[in-house]
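Please keep the sequence and the three-dimensional view at hand while reading.

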Amino acid sequence: MTQKRFLNQTVIVTGAGEGIGYEVARQFCAEGASAILNDILPERAKAAAESIAAETGAPCLPASGDVADIEVVRALVRQAVETFGQLNVCVCNAGLTSWGDFFDYQPADFERVMGVNLRGSYFLAQAAARQFRAQGSGGRIVLMSSVTGHRAVPYLSAYGMTKAALEMLARNLVLELSPYAITINCVAPGAVITPRNLNDDPDYEARWGSLIPVGKAIQTADIANAALFLAAPESAKITGQAIVVDGGWTSTSPIPNMDYGKDYEN
């Protein structure tokens, strides 16, 4: 029988209506956790939570809202504690990918991507850390970075900046969180097969697979595996780090010929 590493624990996962966040939440619930599942779209959050609960038998509750709103992320922590009595893991996954030529990039687009990717993650991490400190039993924070925080990709200057910033945030917060047995780490996904990527490019899997050293694009399960590893008891001494899950892409970094210029939110 498989050991459930997160039995009797509570996790928050943002941007969990589909793609990476959905798989992260699903795996936590499959390993015994109760989950608060956030998505900006209420209907997507509800459908995802119902699907995961039906599959795993674990409590998985929807919580819709825009993480760029600080009150929304603080409410996620309150909901976790009021419903399950505690919070143990927080996965700050929600993010906006914003393409744009630097010469034409607009202030409104800049403010939006900073609000979702940085303000949302920063203040959710803060709210979770405050709860962990109050509980006195430590906790785990996982931030979702990207290979674009390590390598330049055309038309992703603002987005890449946010992902690099999240990794610096994790390193910096080691100083303030470690005394409370709170770890904070990042997962940096490469080219992942998700509904939004396939919607943008139906040939996404083959296009990126041909450029990745291992010969395959990344699955959402690969990212979830890394997130759960960083949240597990065995990783108590790992903090301030970024695990790159990209099949070796950052070692070579070729860019496919793609049509840039659309915005997506999860």
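An axis here is a line fitted to C-alpha atoms, for helices over the stretch in contact, and the angle between two axes runs from 0 to 180 degrees between their N-to-C directions. With that in mind, and remembering that this is a predicted model, one can describe how helix H1 (residues 19-30) meets helix H8 (residues 220-231) and how H1 meets helix H2 (residues 42-56).

**H1 and H2**

- The axes of H1 and H2 come within 9 Å of each other and cross at roughly 30°.
- Angles under 35 degrees count as roughly parallel, and H1 and H2 are therefore roughly parallel to each other.
- The crossing in which H1 passes H2 is right-handed.
- On the H1 side the contact is made by Tyr22, Ala25, Arg26, Cys29 and Ala30, while H2 contributes Ala48, Ser51, Ile52, Glu55 and Thr56.
- Sorted by class, the residues of this contact of H1 with H2 are six nonpolar, two polar and two charged.

**H1 and H8**

- H1 and H8 pack at an angle of about 50°, and their axes are 8 Å apart.
- H1 and H8 are therefore oblique to each other, and their crossing is right-handed.
- Gly19, Ile20, Glu23, Val24, Gln27 and Phe28 in H1 meet a set of H8 residues that includes Thr220, Ile223, Asn225 and Leu228.
- The residues of the contact of H1 with H8 comprise nine nonpolar, four polar and one charged.

**Aromatic rings**

- A pair of aromatic rings is described by two quantities, namely the distance of the centres and the angle of the planes.
- With ring centres required to lie within 6.5 Å, the count comes to five aromatic pairs.
- In one of these pairs, the rings of phenylalanine 102 and phenylalanine 103 have their centres 5.8 Å apart and their planes at 70°, so the pair is edge-to-face.
- Phenylalanine 102 is exposed, with a relative accessible area of 64%, and phenylalanine 103 is exposed too, with a relative accessible area of 74%.
- Tyrosine 204 and tryptophan 208 form a tilted aromatic pair, with 6.2 Å from centre to centre and 45° between the planes.
- Because tyrosine 204 and tryptophan 208 are four residues apart in helix H7 (residues 204-209), they are separated by about one helical turn.
- Both tyrosine 204 and tryptophan 208 are buried, and Tyr204, Trp208 and Trp249 form one aromatic cluster.

Definitions and conventions:
Residues are numbered from 1 along each chain as its sequence is written. This is a predicted model: local features need pLDDT of at least 70, side-chain atom pairs count only at pLDDT 80 or more; totals for chains, interfaces and linings use all residues. Side-chain values use heavy atoms; hydrogens and water are left out. Helices (H or I, at least four residues) and strands (E, at least two) are DSSP runs, numbered from the N terminus. Angles under 35 degrees count as roughly parallel, over 145 as roughly antiparallel, 65 to 115 as roughly perpendicular and the rest as oblique. A crossing is left-handed if the near helix is turned anticlockwise from the far one by less than a right angle, and right-handed if clockwise. Contact means heavy atoms within 4.5 Å. Ala, Val, Leu, Ile, Met, Phe, Trp, Tyr, Cys and Pro count as nonpolar, Asp, Glu, Lys and Arg as charged, and the others, Gly among them, as polar. Rings of Phe, Tyr and Trp (its six-membered ring) pair if their centres lie within 6.5 Å; planes under 30 degrees apart count as stacked, over 60 as edge-to-face and the rest as tilted. Buried means under 20% relative accessible area, exposed over 50%, partly exposed in between (1.4 Å probe, protein chains only).
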